[in-house]
Amino acid sequence: MDRLEELIRAKIPCPETGIEVKHTVCAICSPAYNCGINAYVKDGKLLKVEGMDEHPRSRGGLCTKGLSNRGYVYREDRILTPLRRVGERGEGRFEPITWDEAYKEISDRLLAIRARDGADAVAFFGGYNKWYRPWLRRFAHSFGTFNYGTESSTCMTAGWMAWKVAAGQLARPDMAHCDLYLGWAFNPYYSGYLNAQAAERAKAAGTKFIVIDPKITPTVEKLADLHLRLYPGTDGALALCMGNVLIQNGWIDKDFIRAHVHGFEEYAAYAANFNESNVERLTGVPYAQVLRACEMIRDAKSISSHENSAPIPHHKNGMQNYRAITALLALTGSFDKQGGQLPTRHTFTHQIAGFETREEEWMDATQPEHIRPAVGEERFPLWFHTEREMQVVDLARQIDEGTPYPIKAVFGMGMNFRMLPEDGYLAKALGKLDFFVNADLFLTDTCKMADLVLPVCSSLERGELETYPGGYAWFTQPAIDRVGESKSDVEILRDLAVRMDLGDQELAAGYEANIDSMLTDVGVTVEELKKAGVPVKVPRFRPYQPGTRLAQGLDTPSGKFELYSELIAAHPEWGLDPLPTYCDPLDGADPAQYPFVLCSGGRLPHAIHSRLHKVEWLRAMQPEPTAQLSVEDAQALGLKAGDDMELYTPRGSITVKAKPSHRVQKGVVFFYHGYSEADVNALMDKDHVDPYSGFPAYNATRCGMRKKAKP
Amino acid sequence: MSKRYAIDLDVSKCVSCGACAVACMDQNDLNVKQTRPFRNVFDMERQEGEGTTYSHLSLACMHCVDAPCIVGCPSACIQKDPETNLTVFDTTNCIGCHSCAMACPYGVPGFGPDGKMVKCDGCYVRVHHGLKPACVKACPTGALRLIDLDGPEEIAPENSLRHRSMEMLSKQV
Amino acid sequence: MRYGIVGFGTAGYHAAQAIREQDKAGEVHVYGDTGLAPYNPMLTTYYIFGKLPRSGLFPFGPLEEVADRLGLTLHHERVQKVRAQDLAVETERGVQRYDKILIATGATAFAPPVKGLSPQDAHLMRTVDDAQRLKDRLDRGDVRSAVVVGASMAGIKVVEVLEKYGVRVCLADLAPHIFPLAAYPEVSAAIEKRVAKRGIDLRFGATIDHMELWNGQKTAVMTDGSVVPADLVSLCIGTRAATQVVQGEVDIDRGILVNERMETSAPGVYAAGDCAQGVNLESGEKQIIGLWANANRQGAAAGANMAGGEARFEGNILHNITHFMDMDFIGFGDNRIQGELLEQGALDGDGLYVRAVISGGRVAGANILDSYRISGILKNYMLRLFAGEGGSLPDYQRAMLLQAGLRAEFIDRMEVMTRG
């Protein structure tokens, strides 16, 4: 091998090889990360990725998932052109059409439906990632409907709702300064390495960690000073018992409570129901450990608590459990205090960067008159009250039943019907639509249901605004050639807004102009950010001073941290409890027939949702859909590692591989979601949902398990 | 200036996330349908008496100082890179006899669809250019390191996979 | 210092290399009668098969390049005698004295004469010349049938070559089974089945007796009276250590006896490679273990010690990997030792099969079919047990074995049975 060959094979960026390194961004997981990528590129083609050293937040890092970007971007099923369905829905037979044909058809059909059935007859559904959401929301509004909803109908929002109810806005942990970190379902080694690095730094500096998790995760191994191993969905009972123990022992901040907490007496009286007599029965955690945890809280100068998107919210009692957890911060005076939980707001596309843009104002500038209830509004009134968008969990029902009014068309961007419980119901409902469009990178099972499919590009193929904690902003540039004729989601929305003549000049002006208007108060322009090339601190960034919000009074009816929600109390017709009351997390199936608890909440380091299951490199890490069950249950069922087993509920059964593990407690089985061939959501009950948030109870469904007989 | 490098794992820091393996696949254009990944990631548990111990591993070529595969290869395809002392290979004359696999006490050598040996080459060309091996660059917990064998100890011996396997390696012929 | 190396195969090469690492200035004189660079006898069949070019037989490069690289003085002459007392090497041209001498003369193939077999139809398989001769003969295209005598690793590779040339092959051995020195009879039987399935005529308990001409066809008459057409006969019966040059000078059994420093009984005279008889770590006895890696290790140790270093090569166990006809056969240790049996996989199925015999808390021997992946770790485990270590696998080895398909039950059982 000669020298040049060697350089090319090793992908060395240098003039001889013609390989350049370009900065871009990973958008595979949540915009709360958006790690920087150094893309090795030649002739517009991506040859390799690695972490971007010049990035102030990710500092050269990328996780398992982000490192697979080349496999993701060039996945075999990338859509290359707009497609029109020629076969039956779901069959997957399409013909390529031009963008112009696609736009014309979408425009004609949606406008016709609006003319005939009203704007609300069209639902706008945003999947993952989140970068285009302000545009899709505004588009729906400009079209004339509140029926815009997203994947966040089942992810994270319930936690924010809990905070909005308690404190009027979100909050986040100040881990870097806390004495004790309450790691509720905290496993950043699998789902956020930057958090893991931060936790390791905090631990080295003396922070103690209590990890509350049903599983023995790497986080439990590496970080936990105390592990509370509860059963899935019993976090509320545990948190209430902790609150009770703190109150009974006087380990609370009475001055703080007097000054800033509303509903303490009611809360204390209710929490007294959770005590030594029942906590182990309810949660699986021995009382002695609860006491130990409370002693650690007593001894800590400051505590903060992990915010999480799915593990706590994905229960039928999820939002209430979340409230019960946040109550501990109020009791101990840890809210809005250094080393505690700091109130905050989103900066842009769900990133919290420590400065405010005009994103919210921009995306809601064209809200229509609210006449008919949005999808899910009647069923989940608190949801609509705080979020002002449809709760997609109710979409299938409304399409199917046509009440309170029919939905005739769905315009999806990255929509995936498999994300919903008992997802066959939504798939069937989609079949009833007059018109269904989906835009995606890949020809997914959902795309196969659509009448028209639009190819979108990845974050490596477009430019976009990113923001990062610490006051950073960045405007990326495309690093590689676009695959096929794909366009960015926002370009599609702009083109359609123009074509449909929605009369929204801002949408028609395009992404960069929109960003400039959102950045008005930030003191920086798109042009300047582009020139910088890397994330830079925005000129008007001022770090938050803890205590500011409390001094101003919180944005709740009482102006205080509400353990007793006056918002909920003011709406008895909602049928919700003002206190963070607790109920059993499981569904009504017969425990004799379905003796196990199925939890799809255990994460894999190499998967997020379904989007990476078809990336071969990642799939190689665990080629077969595999359930983790306890060693005890495996023995009782005669299951060995690698055996085929069935998971079943009254809705059906799926076949998966068994992986007995001591990481899992007896009676529980963990199985990851999003596999077309073993779709765990098909086993879920569409009505087993949280009445507060509408969130599906993905993490606690009664199920059966059995060894699959060899054919 | 030639150095003596090896890639070592701090087992106390590894969490079996697999980032190293994926970075390696990307770097080496690995077709996983045809070729076994060079990096093997394990999330292990073992019950001993009442307790269970959990351990994590990322294992690829250890770039042994006295590499049994080099001695075992009948065609001398495997060699030490003079600049880095990483164990590299030129399989032009590989006959696919699997002798290197029989020599390796870590079970590392694999074979491509052409029947020829493939394994981690330590990204030695990247190292020549001042870059880290792809896996080391990727490791989010700092568990994988390119270590200078003649430099100060970077990983505590009790946590170093290299140290922990030295006695074992000394018995291999 | 003046070093003399007699014989320049891989042992001699590794010795020269080790000398050079410690002594840049000393004179290294290398004696060889082939005029060829060090070559690997194991590669000869790969060359004929077409998997390697002729240059591929010489892993370390052409002779001049090797000599240049290592600063060697080459003597292309036949050594008649090495006089141990005065450290002298005698050739036709005269006598040279050295400070240290290495005997690395290797081994030669031997075959008893076969009555009626014309010399041009008789083939051995050891040297580059042997390979070239057979290749030239096969390339002529007139060989339609052949008998290979010796169901050894070399024999089967010759069969594979002949098969590739479309030759009708009969493989015969007086032993009852294929690979009699490495395989357990059950494993042999399975291999034989697979080989026979490819149309190879296998005959055991018989060898060639003599050749006759039948209707113009050269025909082998076997010791059991049967007859086989044979345009050529390949004799893969065995090798013998080449010890003539030190006959009467140092202690010789089957090979030149050496200690772990590769010293012979005569001070200053070392031996390494296929001519040397070192320690079998399993039996503790001295035995020739004629393997490439063994020769390399011995040569390197000898060279280091000759140059004043301190190197030991404790010994080895019998081990073999043969990749042929799309299968792997791996044999470790002494296949004659009886003991408790550990087995996984089916002999007729595809995929991993392993059979280990445990005796006295050691793995006395093992056969593996179709899984090179577990071979290095299993061999290491055997070696560690023979070295007196307690039986347990470190987690990384265990994990790799499991990944390669060895079952936890097998590993657990093996550990229990070998736990001191």
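Below are worked exercises on a predicted model with chains A, B and C.

Residues are numbered from 1 along each chain as its sequence is written, while chains are lettered from A and ligands numbered from 1 in the order in which they are written. In this predicted model local features need pLDDT of at least 70, side-chain atom pairs count only at pLDDT 80 or more, and totals for chains, interfaces and linings use all residues; side-chain values use heavy atoms, with hydrogens and water left out.

**Exercise 1. A helix and its cover**

Check the span of helix H1 (residues 10–22) of chain C against 1.5 Å a residue, then find what covers its buried residues.

Step 1: Recall that helices (H or I, at least four residues) and strands (E, at least two) are DSSP runs, numbered from the N terminus. The expected span of a helix is 1.5 Å times one less than its number of residues.

Step 2: For the 13 residues of H1(C) that rule gives 18 Å, and the end C-alpha atoms are 19 Å apart, so the two values agree.

Step 3: Buried means under 20% relative accessible area, exposed over 50%, and partly exposed in between (1.4 Å probe, protein chains only). By this test ten of the 13 residues of H1(C) are buried, including C:Tyr13, C:His14, C:Ile19 and C:Arg20.

Step 4: Now look for contacts, meaning heavy atoms within 4.5 Å. The cover of those buried residues includes strands E1 (2–6), E2 (27–31), E3 (72–75) and E7 (100–103), together with helices H3 (63–70) and H7 (292–306), of chain C.

**Exercise 2. Sorting ring pairs**

Classify the ring pairs A:Trp99 with A:Tyr103 and C:Phe60 with C:Trp292.

Step 1: Rings of Phe, Tyr and Trp (its six-membered ring) pair if their centres lie within 6.5 Å; planes under 30 degrees apart count as stacked, over 60 as edge-to-face and the rest as tilted. Over all chains, the structure holds 30 aromatic pairs.

Step 2: A:Trp99 and A:Tyr103 have ring centres 5.4 Å apart and planes at 40 degrees, so this pair is tilted. Both residues belong to helix H3 (residues 99–117) of chain A and are four residues apart, about one turn of the helix. An α-helix has 3.6 residues a turn, so residues three or four places apart point the same way. A:Trp99 counts as buried at 10% relative accessibility, and A:Tyr103 counts as buried at 6%.

Step 3: For C:Phe60 and C:Trp292 the centres are 5.9 Å apart and the planes are at 5 degrees, so the pair is stacked. C:Phe60 lies in the loop between helix H2 (44–49) and H3 of chain C, and C:Trp292 in helix H7 of chain C, so the pair ties together parts that are 232 residues apart in sequence. Both C:Phe60 and C:Trp292 are buried.

Step 4: Finish with a cluster: ring pairs link A:Trp131, A:Trp135, A:Phe348, A:Trp362, A:Phe475 and A:Tyr511.

**Exercise 3. Charges over rings**

Find the ring that lies under A:Lys686 and the ring that lies under C:Lys164.

Step 1: A charge sits over a ring if NZ of Lys or CZ of Arg is within 6 Å of the ring centre and within 35 degrees of the ring normal.

Step 2: A:Lys686 lies over the face of A:Tyr425, 4.8 Å from the ring centre. The charged end of C:Lys164 sits over C:Phe49, 5.0 Å from the centre of that ring.

**Exercise 4. From an interface to one residue**

Step 1: Chains C and B bury about 3,500 Å² between them, 60% of it on carbon and sulfur atoms. In chain C, the residues that lose the most area to chain B are C:Arg297, C:Tyr372 and C:Tyr396, together 21% of what that side buries.

Step 2: The relative accessible area of C:Asn380 is 0%.

Definitions and conventions:
Buried area = accessible area lost by both parts, 1.4 Å probe.
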